[in-house]
Amino acid sequence: MSLLRIRIKLPDRPGSLGTVARTLGAAGADIVQVVVLERAAGRAIDDVTVTWPDGVSLDVLCDALDSVRGVVVDGVWRTSEAPGVFSDVEIVGQMAANPPNGVVALVEAVPKIFGADWAVMLGPDGTVVHASRQAPDPVVPPPLPVSAGRAFTGEDGVRYACVPVGGATRTLLLARVAAPPFHRTEVERLIQLATAAEAVLGVSTAA
């Protein structure tokens, strides 16, 4: 079985998510988690994490969801963990327990927390301080946006989110391949996590 994350837009009314759940079940998917990213103007954006049988085309899943009135599939991508399995509090606790290894703990954790492919901590000159185990070797960071704490898409189509850590001394960069852009809710959560890391590690993040 594979673990998939599905981003859908659906009507924000009673029964909509239940219809989606029944449709996913009939198609062969088992829901692990649902995260509500946004609710506005009668519409909701949800990330649904499911298990999916290996060898079965994802077209079966997408076609089933497309058949539900009012539901739009923004993207489907593979993930190694259900978002939230590793909580923000747990990671902050790990950093507090071992500050010298705090940056490594943070970089290794954020792909699991946000359902991303890899992450890297960059120094002020753009050099790699630490890259997660899933990161490409070598890591070639994209040009970073001037404004901090935002999502953007690289020229190669990779989806990124970046946030400063330790003032402007370092940048935490998170990447997803073949996936929708990072939602503003996810970026806000990443900023909060980076702020907590600064508070716990202090000068360690800027060393």
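Predicted model: local features only at pLDDT ≥ 70, side-chain atom pairs only at ≥ 80, totals over all residues.

First stop: Val36. I find Val36 partly exposed, at a relative accessible area of 38%. That value lies between the 20% and 50% cut-offs, so Val36 counts as neither buried nor exposed.

I then looked up where Val36 sits, and it belongs to strand S2. Val36 also turns up in a nonpolar surface patch of about 250 Å², together with Leu17, Ile31 and Val34. Strand S2 (residues 30-40) gives the largest share of that patch, 3 residues.

Next I wanted something at the other end of the scale and picked Ser132. Is Ser132 buried or exposed? Its relative accessibility is 4%, so I put Ser132 down as buried. I located Ser132 in the loop between strand S6 (128-131) and strand S7 (150-153). Leaving out residues up to four places away in sequence, I list Val107, Glu108, Pro111, Trp118 and Ala119 as what Ser132 touches.

On to the cores. The largest nonpolar core holds 26 residues, and Met95, Leu106, Val110, Phe114, Leu172, Leu174 and Leu190 have the most contacts inside it. I checked which elements give two or more residues to this core: helices H3 (88-97), H4 (102-114) and H5 (184-201), plus strands S5 (118-122), S8 (159-165) and S9 (170-176). H4 supplies the largest share, 8 residues.

With residues up to four places away in sequence not counted, Phe114 touches Arg5, Leu174, Arg176, Phe182, Glu186, Arg189, Leu190 and Leu193. I also noted a second, separate core of 16 residues, with Leu4, Val50, Trp52 and Leu61 among them.

Last, the whole chain. I get 5 helices and 9 strands, in the order β-α-β-β-α-β-α-α-β-β-β-β-β-α along the sequence. The radius of gyration is 18 Å, close to the 17 Å from the globule rule for 207 residues, so I log the chain as being as compact as a globular protein of that length. Along the principal axes, the C-alpha atoms fill a box of roughly 55 × 30 × 30 Å.

Some totals to finish the page. Buried residues are 44% of the 207. Of the contacts between residues at least 6 apart in sequence, 62% join residues at least 24 apart. For the accessible surface I have about 9800 Å², with 55% of it belonging to carbon and sulfur atoms.

Key: Residues numbered from 1 in each chain as written. Heavy atoms only, no water. Core = buried A, V, L, I, M, F, W, Y, C linked by side-chain atoms within 4.5 Å. Buried < 20%, exposed > 50% of the residue type's maximum accessible area, 1.4 Å probe, protein only. Helix = DSSP H or I, 4+ residues; strand = E, 2+ residues; numbered from the N terminus. Contact = heavy atoms within 4.5 Å. Patch = residues over 30% accessible without salt bridge, like charges linked within 9 Å, V, L, I, M, F, W, Y side chains within 5 Å. Areas by Shrake-Rupley, 256 points an atom, 1.4 Å probe, with all protein chains shown as cover. Salt bridge = Lys/Arg side-chain N within 4 Å of Asp/Glu carboxyl O. Rg over C-alpha atoms; globule rule 2.2 N^0.38 Å.
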